[in-house]
Amino acid sequence: MNVMEMINMRQDFNYHTHTKRCGHAIGSDEQYVQAAIDAGFKTIGFSDHGPYKGLSFPSDRMDYSQLEGYLASLSRLRDRYRDRIDVKIGFELEYFDEYLPQMRELAARADYLILGQHTSDMRCDYDFFVFNNDEMALRYCDLLEKGMDTGLFMYVAHPDCYCAGRRDFDATCADIAHRICAHAARLNLPLEINLTRLRRDKAVAYKQGVFYKYPHRLFWQIAARYPVKVVYGYDAHNPADLLDQDSYALCDREIGDLGLTFISQPLI
């Protein structure tokens, strides 16, 4: 069985797709849809980094002034390609108490939300990915649990991304993995195996061995002990990302033996 056959058996949908509005992706909205069709997807979900009123981070997320254009563009594409692919409109959001009303407003205008916690403070920039200590990692876990509790989110994106800013999967990291997986299991909320680092990065040395930053094998070893369901996320920032096959093969090599329960049907 070749890799594309394995992909088609497991998942013919992707809900983690960005647009150039976030400031660190390229390509037109239509190019992403066309690439998804070429890749054999039946459903393509857009989940660009959602905007918040009063916040401007041109290299990290769309500006609030771009919201209407985002919704209108994807709605047009949904109509144009409805006979070839199902286009869903969503957002990837961080959770913060003060932004909960805005999160609810965005949820009301979208098909879905995914919870992707990139930072511990909206004034900072992707701090978990660069460096985090125990205090920051625990803050990440607290925010993720609060976000899951809102009931707004369809799944949790890259739950293991806190491992990217560390080189030791220590007792704190393990405790956080248990907390995240137990919480997701209680809420029946899927966790995402994010494929982006397999595309972009090489495995790196941790005290426990050589692993990808995420999907991090030691996190998913713990996840396998819980009745959690997992979904692949391409985290596409380039239309060509949706045509990638190599990441699946790498993912199989890294964590394919853990017995995780993959979702094979579209979530919406």
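Where is the place of N194? N194 sits in strand β6, residues 191-194. This is a predicted model, so local features need pLDDT of at least 70 and side-chain atom pairs count only at pLDDT 80 or more, while totals for chains, interfaces and linings use all residues. Residues are numbered from 1 along each chain as its sequence is written, and side-chain values use heavy atoms, with hydrogens and water left out.

View 1. Strands here are DSSP E runs of at least two residues, helices are H or I runs of at least four, and both are numbered from the N terminus. N194 has 0% relative accessibility, so it counts as buried (under 20% relative accessible area; exposed is over 50%, partly exposed in between, with a 1.4 Å probe and protein chains only). Its side chain reaches the backbone nitrogen of T196 at 3.0 Å and makes a polar contact with the side chain of D235 at 3.1 Å. A polar contact is a pair of N or O atoms within 3.5 Å; within protein, one must be able to donate a hydrogen and the other to accept it, and residues adjacent in sequence count only if both atoms are side-chain atoms. Leaving aside neighbours within four places in sequence, N194 is in contact (heavy atoms within 4.5 Å) with H16, H158, Y214, P215, G233 and D235.

**View 2. Y15 in the loop between β1 and α2.** That loop runs between β1 (13-14) and α2 (29-38). Y15 is buried, its relative accessible area being 0%. The side chain of Y15 reaches the backbone nitrogen of I268 at 3.2 Å. Beyond neighbours within four places in sequence, Y15 has contacts including F46, K88, Y112, M154 and P266.

**View 3. Helix α6 alongside helix α7.** α6 (residues 134-149) and α7 (residues 171-187) pack at about 0°, axes 10 Å apart; the axes are lines fitted to C-alpha atoms over the stretch in contact, and angles run from 0 to 180 degrees between N-to-C directions. The two are therefore roughly parallel (angles under 35 degrees). Residues that meet across the pair include L138, Y140 and L144 in α6, and I176, I180 and L187 in α7.

**View 4. The ends of α6.** At the start of α6, a side-chain oxygen of N133 comes to within 3.2 Å of the backbone nitrogen of E135. After α6 comes G151, with a positive phi near 75°. Among the buried residues of α6 are M136, L143 and G147.

Key
Parallel < 35°, antiparallel > 145°, perpendicular 65-115°, else oblique.
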